[in-house]
Amino acid sequence: MKLARPLPNYLVQRYHGWKATTYAENQVWYRRLATEGQRPRAMVISCCDSRVHVTSIFGADQGEFFIHRNVANLVPPYLPDGDHHGTSAAVEYAVTVLKVAHLIVLGHSQCGGVRGCLDMCKGHAPQLEAKESFVGRWMDILKPKYDHVAQIEDEDEQVRQLEKHAVVASLENLMTFPFIASAVDEGSLSLHGLWTDIGEGGLQCYEPAEERFVPV
C-alpha cells in the first residue's frame, strides 16, 4: 500500500542547501547537541500558524527552545483519564524531565482557530459544532472566555481580545497540572503569556496584576 510519496523537489533542494551551508558551518554544535542531549531553558507553546516563527522572534538557535505547536496555542485542563493528550504530554516532558525554567504561551493576531471559536459562539459555524470536528472540540477549551468579549461591537477587536484570552486560558489551565503548580510554588518554574502582532512585529506580555497585555 502506497502511503507516502517522495519529498517535493523544492524541499529536497532546500535541504541540500542547508546541509551544505548552515550545517557544514556548525556541524560541531549539531554533533554536540546529538551526543550531549538537549537542555532548553524554556518551553514555548505556540500556534500551528505558519506565520508564527518562534525561533526567529527570539533569535533562538537549535537546542534553546522546547517548542510545542497546536491550533490556537491552547492548553487543556489537567485530565489524567488515560486517553491521548499530546499537549499535556509535551508539557509534562518539558517540566518533569527537561526541567525548563520558563514556560511561555505565545498567542498571535489573525488566529484562524480563535476566529472559528468566535464563529461557533455566535452560531455561525455549524461545521465546527459537529461532534466529529477535531478543531471544534479543541476550540471548546476557549469557549468559556467568550463572555469576556461578547459585548465588543467591532468583530476584529473581538477576535483580537479573544486571542489574548486564549493565552490567559492556557496559563490558567497550566496551573491545574499538579507538577506545574508545585514547580511554580517552589520557584523553579515561571509562566509567561505573550501575544504577537504578526503584521507589525509587536510583542505584548500579560501582566496578571493589571489583567492586561502590555508592550514588551
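# Briefing on a predicted protein model

Cys111 is buried, at a relative accessible area of 3%. The protein chain has 216 residues, and 37% of them count as buried.

**The chain as a whole**

- Nine helices and six strands make up the list of helices and strands in the protein chain.
- Along the principal axes, the C-alpha atoms occupy a box of roughly 55 × 50 × 40 Å.
- The protein chain exposes about 13,000 Å², and carbon and sulfur atoms contribute 53% of that area.
- Among contacts in the protein chain with a separation of 6 or more, 63% join residues 24 or more positions apart.

- Cys48 takes part in no disulfide, and the nearest cysteine sulfur, belonging to Cys47, is 5.7 Å away.
- Cys48 is partly exposed, with a relative accessible area of 43%.
- For Cys111, the closest cysteine sulfur is that of Cys47, at 4.2 Å. A disulfide requires two cysteine sulfur atoms within 2.5 Å, so the sulfur of Cys111 is too far from that of Cys47 for a bond.

**The largest pocket**

- The volume of the largest pocket is about 420 Å³.
- Its lining consists of 18 residues, and those nearest the centre are Val168, Tyr206, Glu211, Arg212 and Phe213.
- Two or more lining residues come from each of α8 (155-174), β4 (190-197), β5 (202-207) and β6 (212-215).
- Helix α8 gives the largest share of this lining, with six residues.
- Sorted by class, the lining of the largest pocket holds seven nonpolar, six polar and five charged residues.

**The second largest pocket**

- Residues lining the second largest pocket include His68, His84, His85, Phe134 and Trp138.
- At least two residues of this lining come from each of β2 (65-70), α4 (86-97) and α7 (134-139).
- The lining of the second largest pocket has five nonpolar and seven polar residues, with no charged residues.

**Lys145**

- Lys145 is found in the loop between α7 and α8.
- Its relative accessibility is 12%, and Lys145 therefore counts as buried, the limit for that class being under 20%.
- Beyond its neighbours within four places in sequence, Lys145 contacts Leu162, His165, Val168, Ala169 and Glu172. One of these, Val168, is also among the residues nearest the centre of the largest pocket.
- From C-alpha to C-alpha, Lys145 and Val184 are 24 Å apart in space, and they are 39 residues apart in sequence.

**Residues with positive phi**

- Asn73 has a phi near 45°, which is a positive value in a residue other than glycine.
- The loop between β2 and α4 contains Asn73, and this residue is buried, with a relative accessible area of 1%.
- Glu211 has a phi near 55°, likewise positive in a residue other than glycine.
- Glu211 belongs to the loop between β5 and β6. At 65% relative accessibility, Glu211 counts as exposed, and Glu211 is one of the residues nearest the centre of the largest pocket.

Note on methods
Residues numbered from 1 in each chain as written. Predicted model: local features only at pLDDT ≥ 70, side-chain atom pairs only at ≥ 80, totals over all residues. Heavy atoms only, no water. 1 Å grid on protein atoms, 1.4 Å probe; cavity = no way out; pocket = protein on both sides within 12 Å on 5 of 7 lines; lining within 4 Å. Points joined across faces, edges and corners; volume = space filled by probe spheres on them. Helix = DSSP H or I, 4+ residues; strand = E, 2+ residues; numbered from the N terminus. Nonpolar A, V, L, I, M, F, W, Y, C, P; charged D, E, K, R; others polar. Buried < 20%, exposed > 50% of the residue type's maximum accessible area, 1.4 Å probe, protein only. Contact = heavy atoms within 4.5 Å. Areas by Shrake-Rupley, 256 points an atom, 1.4 Å probe, with all protein chains shown as cover.
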